[in-house]
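Good morning, and thank you for joining this group meeting.

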Amino acid sequence: MSDEFYMNRALSLAKRGRGFVSPNPLVGAVIVKNGKIISEAYHKKFGSHHAERAAILKCNPHDLKGSTLYVNLEPCSHFGKTPPCTQIIISAGIKKVVIGQKDPNPLVNGKGIKILQEHGINVKTGVLEKECIELNEVFNKYMLKNEPYITLKIAQTIDGMIATKKGMSKWITCEESRKKVHKLRRDHDAVLVGISTVLTDDPQLTVRKVKGSTCRIILDSKLSIPFNSAVVKSAESVETIIVTTNDSSRQKESKLVSAGCKVWRVKKNTAGMIDVDEFFILAAKNSISSILVEGGRKIFTEFIRLNKFDRLIVFTAPKIFGQGISSIGNLHITDPEKAVTFARYSWAKS
């Protein structure tokens with residue numbers, strides 16, 4: 001079997017950690033000897049063994065001597081929640097390490113490769129590098145830009161409506177699509193909506209149809225969120241962050257904190273809205289590496305206008321409203337050549 005075959009296996013394993021390892025990367029490891037896989041593992045949960053260590057610990061120490069380790073991300077070389085993976089790789093007597101992507105974490109970033117080579121281990125890099133980089137898009141952005149990865153999720157009709165003229169939106173999409181949304185929520189560190197969505201729909205914003213959890217973020221510049229809203233009433237059991245501006249009510253902030261909410265204050269932008277850049281910095285400081293933005297129209301429009309998103313997922317139902325609330329507002333684009341375009345795209349049926 002080729003290096004690409006075993007790296008593909010490592011990538012498949014790594015994906016199993018999605019929704020459970022953040023802010024760590026998705027990593028899978030495969031150990032091969034004499035053309036056979038003798039052990040494999042993946043990083044299952046933040047704070048647990050890294051993939052390389054988990055795979056090595058599953059093996060008989062004698063079998064590891066002279067084996068080859070395949071891993072989609074460069075092994076770490078520093079102490080964090082767990083000891084360095086380079087240490088146990090060297091001790092195990094592994095003779096070769098095949099790596100997909102160099103770790104962008106400044107604490108690693110080539111150091112792991114150098115340490116392995118200094119101990120006589122043959123290191124090969126760049127195997128399925130493109131696929132490895134794509135798998136860890138969230139981690140890569142978080143490390144390189146110190147910002148969360150932003151996914152916009154829109155559920156709309158064929159004619160681009162997210163609600164009727166009266167604001168009704170339950171339900172536009174089918175049950176299978178809604179289950180996929182719950183998986184998306186689980187796979188992100190936080191789900192975000194604007195205050196208008198809370199006032200109109202009173203959503204729970206929880207993960208319900210799959211195993212896992214996420215935190216909730218409400219953008220509310222005037223701190224007008226009702227105390228009887230679903231997100232506030234459940235704030236003691238589900239992490240809830242209200243992002244507001246510096247001049248909103250301190251008295252209401254105190255009451256929201258007493259109800260279990262966290263309140264973040266950021267400056268206003270020139271339009272008098274929450275400054276997105278400052279909010280992103282604050283989110284990153286609090287280990288939020290990915291955010292699923294679920295609405296509403298005003299939030300979608302602002303994030304697209306400012307080019308503050310990395311991925312757009314649109315669930316389109318075979319329905320037509322004719323009139324209603326469109327998913328995206330005026331972007332002031334008059335020339336088709338200046339339309340928002342996408343480097344990669346795909347589609348699938350629910």
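This is a predicted model: local features need pLDDT of at least 70, side-chain atom pairs count only at pLDDT 80 or more; totals for chains, interfaces and linings use all residues.

**A buried serine and its surroundings**

Helices here are DSSP runs of H or I with at least four residues, strands are DSSP runs of E with at least two, and both are numbered from the N terminus. Residues are numbered from 1 along each chain as its sequence is written, and side-chain values use heavy atoms, with hydrogens and water left out.

Is Ser67 buried or exposed? Ser67 is buried, with a relative accessible area of 0%. The word buried means under 20% relative accessible area, exposed means over 50%, and partly exposed lies in between, using a 1.4 Å probe and protein chains only. Which residues does Ser67 contact, leaving aside its neighbours within four places in sequence? They are Ile31, Val32, Lys33, Ile38, Ile94, Lys95 and Lys96, where contact means heavy atoms within 4.5 Å.

**The chain as a whole**

I now turn to the overall picture. The chain holds 13 helices and 14 strands, and its C-alpha atoms fill a box of roughly 70 × 45 × 35 Å along the principal axes. Of the 350 residues in the chain, 49% are buried. Among contacts with a separation of 6 or more, 71% are between residues 24 or more positions apart.

The chain exposes about 17,900 Å², and carbon and sulfur atoms supply 50% of that area. These accessible areas come from the Shrake-Rupley method with a 1.4 Å probe; for residues, only the protein chains shown count as cover.

Val21 is placed in the loop between H1 and E1, and at a relative accessible area of 2% Val21 is buried. Not counting residues up to four places away in sequence, Val21 touches Leu26, His43, Lys44, Lys45 and Phe46. The C-alpha atoms of Val21 and Thr82 are separated by 13 Å, while the two residues are 61 residues apart along the chain.

Pro23 belongs to the loop between helix H1 (3-14) and strand E1 (28-33). A cis peptide bond joins Ser22 and Pro23, with omega about 5°.

Arg178 is part of helix H8, residues 175-187. With 16% relative accessibility, Arg178 counts as buried. Apart from neighbours within four places in sequence, Arg178 is in contact with Trp171, Thr173 and Lys209.

**Helix H7 and the residue after it**

Which residues of H7 are buried? Phe139, Asn140, Lys141 and Tyr142 are the buried residues of H7. Their cover includes E3, strand E4 (96-101), helix H6 (129-135), E6 and H12.

Asn146 follows H7 and lies in the loop between helix H7 (137-145) and strand E6 (149-157). Although Asn146 is not a glycine, its phi is positive, about 55°. Asn146 is partly exposed, at 39% relative accessibility.

**Backbone features elsewhere**

As background, most residues other than glycine have a negative phi, and most peptide bonds are trans.

Ser287 is not a glycine, yet it has a positive phi of about 60°. The loop between helix H12 (276-285) and E12 contains Ser287, and with a relative accessible area of 38% Ser287 is partly exposed.

Where is Gly296 found? Gly296 is in the loop between strand E12 (290-293) and helix H13 (297-305). The peptide bond from Gly295 to Gly296 is cis, with omega near 0°.

Finally, consider the surface. Met1, Phe5 and Ile37 make a nonpolar surface patch of about 330 Å². Patches are made of residues with over 30% relative accessible area and no salt bridge, with like charges joined within 9 Å and nonpolar side chains (Val, Leu, Ile, Met, Phe, Trp, Tyr) joined within 5 Å. A salt bridge is a side-chain nitrogen of Lys or Arg within 4 Å of a carboxyl oxygen of Asp or Glu. Ile37 has its place in strand E2, residues 36-42, and is partly exposed, with a relative accessible area of 37%.
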